[in-house]
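Hi everyone, thanks for coming.

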Amino acid sequence: MVLRRTLAWSAALGALLVAVVLASTAFGYAAIGPFEVAYVLLGRIRVPTAGGGSVVWIRPFAAEVPRSTELIVRQIRLPRIALGAIVGFALAAAGTVMQGFFRNPMADPSIIGVSSGAAVGAVAFIVVPLSVPFGRPAFAFGGALIAAFLVYAVATEGGRTPVATLLLAGIALQTFLGAVISVLLLSAGDDLETAVYWLMGHLHDSTWGRVRLALPIVAVFFLVLLAYARDLNVLLLGESDAHTLGIEVERTKRVLLATSSVVTAAAVAVSGVIGFVGLIVPHVMRLVVGPDHRILLPTSALAGAVFLVATDTVARSGPTEVPVGIVTAALGAPFFLYLLRSREVHAL
Amino acid sequence: MIELDSVGVERGGKTVLDGVSLAVSRGELLAVVGPNGAGKTTLLRTCNGLIEPDEGTVSLDGADVTTRSAREIARLVATVPQETQLAFDFDVEDVVAMGRTPHRSRFATADEADRDAVESALERTETARFSGRSVGSLSGGERQRVVLARALAQRTPALLFDEPTASLDINHAVRTLSMASGLAGERTAVLAAVHDLDLAAWFCDRLALVANGGLLAVGPPEAVLTSERLETAFGVRAAVGTNPVTGTATVTPLSADPPRGYRVHVVGGGEAAARTLGRLADAGFEITAGVLPAGDVAAVTARSVARDVVTARAFAPIGREPRSAAKALLGAADAVVVAGPTADANAELVGGRSGRVFATDAAPDPPSNARVVAESELVAALDGEDVLASASSA
């Protein structure tokens, strides 16, 4: 029953994602029609055939497309869209888990300081220029994980990590790291613009390299989260009840926390701090498919991908491009306020 | 099934449990009773591994709880907690299905046994009719039954109930406990913290009386529930009688007045007499009564408050035996009160008595040697100097 619903919803959202990706690829400064986009994509499909004793790859759908069109689609638009999808997917998945973990619909993926840590790492790298390949994402990723671990370590006592302590430690660390970022920005000089731009969250300089960086991390750790979806459901009954139902509460909490932190860190490292995706998307999907994480987690993740690809398309189709973080925040903040007004907020 | 061996628990430097040894075997319903804060919940929590005892051991099915994984424990013992919270709204059926968690591997979908367990748990707790509703839309009592269904779906050889009847109406409280006793009949070991002593005595095979972290007594309800123990445990005087309907022990707390140390014998039937009996017990007199018509409200009340009661079949001549029994009680009493309409034989007994004899205004035909007082002034009259003065005359 649950499996069938999950597959049906995932298939529908998957189809929606493909449609949004195609539509988004056709949008942009250079006028490229959706058919041309389809030709470019189909032209990349290779099919193995047997020819003269060895396997030969042929491209059965190859069609005549101008070289410049192909270049724009393949090297500029597609990596950005792919990265947008991955980041949206990751943030929404982590947000879903955090809302369940904290039993609080207002929680988001950065609640334990992951984004602030990433921001410190990234801004530090921007301000102190070092020549390291993928240095900015690597610094951001490292900063994110260090911050999350610090919060966890502070909140843990005698092998137990009370959720409320975790939440408060997260808030405290975020405030502190906010101050560190300000200090770094003050000494940024010429790099100020780059740093601020990064902090706003954008997909402007997406490359296939970043896609390759983020995709495996997000994919693997998402599967771990998926494997713990049912445990997360039981955890919503409260920790004592979860224990009596056979869940190793502290271990499960550690796994969920670590995994969703890594997923969030991977997303933030390649795109900067894009807010509200991880807050709104899980919330909306919860209204649609219900609270069962076995369905909610995959559908939220896919919806997050759709949402970020769509909002990034909006972000880059205006007269001047704006960071997508501004678009998501502009849509997200009013929605957040609507939630506050219309729904009872349970314990924080 | 569940064995506690001199278990001690400390919380924040305070001893919550101290040297508690207790065993619950399969097929038995044992109730832990005791005042608030006595350690009942803590005791239960040591049995499912939520609290690790600082001293002693708790074993489940022969092995120490602390060495077992949460999953192993959850396959052996299901818990119905006092309260449960759900932040997001699951359907009732989903919550009950979570009871199958310890039996299912991470990726397995529900099999026949899972579905069967969930379905029968829903049936048994009468939650099936709202199985599709969200838990948030239920009342507290309905939610309590859903949690009970969740525990039943675990299909464990042992069950822990923490105040299962706290938020239930009288109908469902009785149903829940009779279900617990039914489960015990199916070879489940059931350990329940129960607030209501009468219900505990009614349904449970044995009671364990806990106070101040220690075990005061364990045994059949009639043996455990005595006035002295209840006073030690709860700090309140209580009358222990027999419930005329269930035939089990019933406890009536009396107000805090200390016992006065002398005895009043009451005759008379009907509601007025029953009220007088209650008033006298509440005021701390030691009471005997009779002969009262069996089954009359006064006789029922007398059973729960009086030290001794003589009854005889109603609307029939009083036989020799009850008459002499009543005579003996009358002789031992410091004062006699006629509190309602009474048989001729009683009137004769009272009429022939010297010493203090009172009649309330509810007695239609007071004996000539009785001093008639208003029912509300009876205690004051008994307290009068003349009552004390005559204490030895009987």
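**Cavities in chain B**

Let me start with the second largest cavity, whose lining is made up of V80(B), Q144(B), R145(B), L148(B), F161(B), P164(B), L168(B) and T176(B). Before I go on, please keep in mind that this is a predicted model. The space in this second largest cavity comes to about 40 Å³. Which helix gives the most to its lining? That's helix 5 of chain B, with three residues. If you sort the lining of this second largest cavity by class, you get five nonpolar residues, two polar ones and one charged one.

Okay, stepping back for a moment. How many cavities of 30 Å³ or more does the structure hold? Two.

So, on to the largest cavity, which has a volume of about 40 Å³. Around it you'll find R124(B), T125(B) and E126(B), then R145(B) and L148(B), and finally H172(B), R175(B), T176(B) and M179(B). On the helix side, helix 5, residues 140-153, and helix 6, residues 170-185, both of chain B, each supply at least two residues of that lining. The largest share, four residues, comes from helix 6 of chain B.

And what about the classes here? The lining of the largest cavity splits into four charged, three polar and two nonpolar residues.

Okay, that's it from me, happy to take questions.

Technical notes:
Residues numbered from 1 in each chain as written. Chains lettered and ligands numbered in written order. Predicted model: local features only at pLDDT ≥ 70, side-chain atom pairs only at ≥ 80, totals over all residues. Heavy atoms only, no water. 1 Å grid on protein atoms, 1.4 Å probe; cavity = no way out; pocket = protein on both sides within 12 Å on 5 of 7 lines; lining within 4 Å. Points joined across faces, edges and corners; volume = space filled by probe spheres on them. Nonpolar A, V, L, I, M, F, W, Y, C, P; charged D, E, K, R; others polar.
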